[in-house]
Amino acid sequence: MCGITGYIGKREAVRVVVDQLRRLEYRGYDSAGVAARVDGRIDVVKSEGKIARLAMMVDGAFPEARVALAHTRWATHGRPSTPNAHPHGDCSGQFVIAHNGIIENYLELREQLSERGHRFQSETDTEVLPHLVEERFRGCVETALREALREVRGSYAVVMVSSHAPDALFAARQDSPLVIGLGEGEQFIASDIPAVLPYTRRVIVLEDGDLAVLRENEVRITRLDGSPVQRPILEVTWDAAAAEKGGYAHFMRKEIDDQPAAIRDTMRGRITAEGAVDPRILGMSAERIRALNRIYLVACGTAYHAGLVAKHFWERRLGIPVEADLASEFRYRDPAIDENTLVVLISQSGETADTRAALRAARAGGAATLGIVNVVGSTLSREAEHVFHTQAGPEICVASTKAYVSQLIGVYLLGLALMRQRERITAAEEAAIVADLARLPEQVQAVLANEDAIVRIAERFAGCRDFFFLGRGLDYCVAMEGALKLKEISYIHSEALAAGEMKHGTLALVTQDVCTLCLATQARLQEKMISNVKEVKARDATVISLVRAGDTETPKVSDYVIELPATRDELMPVLAIVPLQLLAYHLARILEREIDQPRNLAKSVTVE
Ligand code: F6R
């Protein structure tokens, strides 16, 4: 998500950290800030908008500072604004922190700290940290930070400067990356390797639970319990462009690998201690939820495909009509809407013109509106009545991967919250689904580990000109997303079809030159799907089947099989899309396409 940089040494520290920050600019952000130690105090400068603006504000301002840190923020808690920009300090301004990640228990900590007299300047979760350090401080900054971190739950990469420790920079990590760049008589720190590369290629990657103290000539790492630990020094050999992508050839490939973390981050802070979904994620009163008589999920492209999954998951249990609709159609077709309608708008960017227009139409009709949005502070996240932020972090590749998977997680969580409020699911059933959701990151990781098999399939079919993606029920929803991924980055013709529809026309196109991807992950539809696989096999098409572990029948009628870990049918889309993303990626790579920026497409479609 956000970017952090830090420096201690003989150079002009503020210049260094701002320069480092520019190397992280490609990741996207909404505000930036710097803290520097000057004359025994910590000075902080922050600004909404671009790093260039911050750079102008601090230009020549602190030439004598030798210790500094900087941050670019991508809003999660609290809108993009100067007060919410990092770094954040305690009441006295003696402990100043930049943080990436999410402090899950910040609300209760903030309440307790406020009761004890602490005053907060921002809406962020981060700000509790410097106040906790302030409270714990008894003369040793390192101990105070250690104790403060033991009180927080969630994920963090933090870097801290303190007026009580003139010659040190402090850092700690849990579930959010942080690397130390080693220099001669100077040290660098950053959330990502590209930020240290212009200065050094020798790095230490901190592990979860590590706390580091950096001095000009020393880096000391301990665990949160205080025990010392050694981490290996790595020599980075990537060039700067590759480093931006974390060593990957393309952002898309990196973002596919980011998906386990995106799932965890989207669930973070949304589950109660009892294993239920926190109903507050809906933002609506229980009364209003119970009065709903119809739901529309409205979106474009990949986000629409997430809406289709929602339709299936929600409608079965909610007992009211749930429709998924393309925003470009919805806005012009006068749908039936009243004050008991809920319109859910799904959008990664929050800026898609048709989705925004659909929101306006829904509001005009008096419906309740709920955005599922990745970019905090975007138009949709400001204009929808209620918002669920997906917390996938910035997505840079035009083709959506991790944002889609996090939209699916959002759809499951919101669906469960609706079901509970309308008494359509028991607490035990809900807890069982939540437990299965929590296993998904590990299962996605297992699918990713099977990449070699997908590479071989891509090599075999790189010359194929037509791909059909077939599925039933939720598999049909995933087939649509798989076909879209393939066409948009490889430019190969691909189409998704509800498997039962084949014989009503499209079967005429099936010949031995066609490659069919048959999705057969839904246990309850398995037999039906096998019949459809046989239909295309009988026309000599090659069949690649996506099956759940334990299915021994579908493989018998398939040419190639990709096996997925098994979970309940309803959650299989999260696992099934991953090999399809990899297949699209590798086909496009073999065909030497512009993967991250496909022709004719834009990341944010702000015009109709
Ligand atoms: C495809 C893709 C697009 C977007 C669509 C909506 O990979 O990314 O289909 O899903 O343009 O964009 P958002 O989600 O920003 O509204």
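1. Into which domains is the protein chain divided? The chain comprises domain 1 (3-236), domain 2 (251-440) and domain 3 (451-590), with bounds that come from an automatic or database domain assignment. The C-alpha centres of domain 1 and domain 3 lie 46 Å apart.

2. On the basis of the note: this is a predicted model, in which local features need pLDDT of at least 70 and side-chain atom pairs count only at pLDDT 80 or more, while totals for chains, interfaces and linings use all residues. Residues are numbered from 1 along each chain as its sequence is written, and side-chain values use heavy atoms, with hydrogens and water left out.

3. The ligand lies between domain 2 (251-440) and domain 3 (451-590), because both give residues to the shell around it. There are 14 residues around the ligand, and Ser347, Gln348, Ser349, Thr352 and Glu488 come nearest; a residue is counted here if one of its heavy atoms lies within 4 Å of the molecule. Both α10 (301-318) and α17 (474-490) supply at least two residues of this shell. Helices (H or I, at least four residues) and strands (E, at least two) are DSSP runs, numbered from the N terminus.

4. By class, the shell around the ligand holds five nonpolar, seven polar and two charged residues. In this scheme Ala, Val, Leu, Ile, Met, Phe, Trp, Tyr, Cys and Pro count as nonpolar, Asp, Glu, Lys and Arg as charged, and the others, Gly among them, as polar.

5. Which distances separate polar side-chain atoms from oxygen atoms of the ligand? For Ser349 the distance is 2.6 Å, and for Thr352 it is 2.4 Å. In the side chain of Glu488, an N or O atom is 2.5 Å from an oxygen atom of the ligand. The protein covers 88% of the 410 Å² of accessible area that the ligand has on its own, with areas taken from the Shrake-Rupley method with a 1.4 Å probe.

6. The largest pocket has a volume of about 1100 Å³. A pocket is an open set of points, on a 1 Å grid over the protein atoms alone, with protein on both sides within 12 Å along at least five of seven lines; lining residues have an atom within 4 Å of a point. Grid points are joined across faces, edges and corners, and a volume is the space filled by probe spheres set on the points.

7. Of the 43 residues that line the largest pocket, Pro177, Asp192, Lys254, Asp258 and Ala261 are the closest to its centre. Two or more lining residues come from each of β6 (95-103), α6 (240-244), α7 (251-257) and α8 (259-267), and the largest share, five residues, comes from α8. The lining has 20 nonpolar, nine polar and 14 charged residues. Domain 1 and domain 2 each provide at least three residues.

8. The second largest pocket, with a volume of about 880 Å³, is lined by 27 residues, of which His77, Tyr106, Leu107, Gly269 and Arg270 lie nearest its centre. β6, α3 (106-115) and β19 (386-389) give two or more residues to this lining. Its residues divide into ten nonpolar, nine polar and eight charged. Domain 1 and domain 2 each provide at least three residues to the lining of the second largest pocket.

9. One cavity of 30 Å³ or more is found in the whole structure; a cavity is a set of grid points where a 1.4 Å probe fits but cannot get out. About 80 Å³ of space lies in the largest cavity. Among its 13 lining residues, Cys2, Arg73, Thr76, His86 and Asp125 are the closest to the centre.

Conventions
A polar contact is a pair of N or O atoms within 3.5 Å; within protein, one must be able to donate a hydrogen and the other to accept it, and residues adjacent in sequence count only if both atoms are side-chain atoms.
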